Amino acid sequence: ISVGNTADEMQNLDSQIKLVTKSNEQFLAVRGRLREMADDNLNDISATISLYTNSARALQNMGKSQEDVLKFTNAISLAMGVGGKSAQEQAAALRQLGQAMQSGVLRGDEFNSIAENAPILLDLVAKSLNKTRGEVRELAQEGKITADVVYNAVGSATEELQKQFNSMPTT
């Protein structure tokens, strides 16, 4: 039964990727990159693909390319590794962030989940806006932490996140 469940889940994940890619070649390339990313960054493949597919819709509406979406997903994946939370907490945060990116704004339950399970993401947003975490919470309540704000905050921190991730011991 578990082999069947795993096969079903992988088929579902592939279907999600197909919905946001334009050709079979692009699907295969993206799927390969996401699997490699999840492995390299020690993250759950299901959560990584969900973040990617939800983010792809939002970021493509912002005029971002497939490569931009992959880079964003990788940076978030690195942040999860640096953040030091459990795999289950990281997966929950990735799903909530993906939903927030798809809706275009980070607030409410998504904000609370990320604050609890991935506070490093709020720190990145706070740093990019030159605000405290409390001020970021207020901005979120006002609907001002948009997908664009999150994208820019994470993008500007990618290099530092990679350095931090590389310096961490594998557990």
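Buried means under 20% relative accessible area, exposed over 50%, and partly exposed in between (1.4 Å probe, protein chains only). This is a predicted model: local features need pLDDT of at least 70, side-chain atom pairs count only at pLDDT 80 or more, and totals for chains, interfaces and linings use all residues. Residues are numbered from 1 along each chain as its sequence is written, and side-chain values use heavy atoms, with hydrogens and water left out.

**View 1. The aromatic pair F72 and Y151 is stacked.** The structure holds one aromatic pair (Phe, Tyr or Trp rings, the six-membered one for Trp, with centres within 6.5 Å; planes under 30 degrees apart count as stacked, over 60 as edge-to-face, the rest as tilted). Ring centres of F72 and Y151 lie 5.7 Å apart, with planes at 25°. F72 belongs to helix α4 and Y151 to helix α9, so the pair ties together parts 79 residues apart in sequence. Helices are DSSP runs (H or I, at least four residues), numbered from the N terminus. Both F72 and Y151 are buried.

**View 2. Helix α5 spans residues 87–103.** Buried residues of α5 include L94, L97 and M101. The buried residues of α5 pack against α3, α4, α6, α7 and α9. Just after α5, G104 takes a positive phi of about 95°.

**View 3. A115 sits in helix α6.** Leaving aside residues up to four places away in sequence, A115 touches L122 and R137 (heavy atoms within 4.5 Å). The C-alpha atoms of A115 and R133 are separated by 9.3 Å.

Notes: Helices (H or I, at least four residues) and strands (E, at least two) are DSSP runs, numbered from the N terminus. The expected span of a helix is 1.5 Å times one less than its number of residues.
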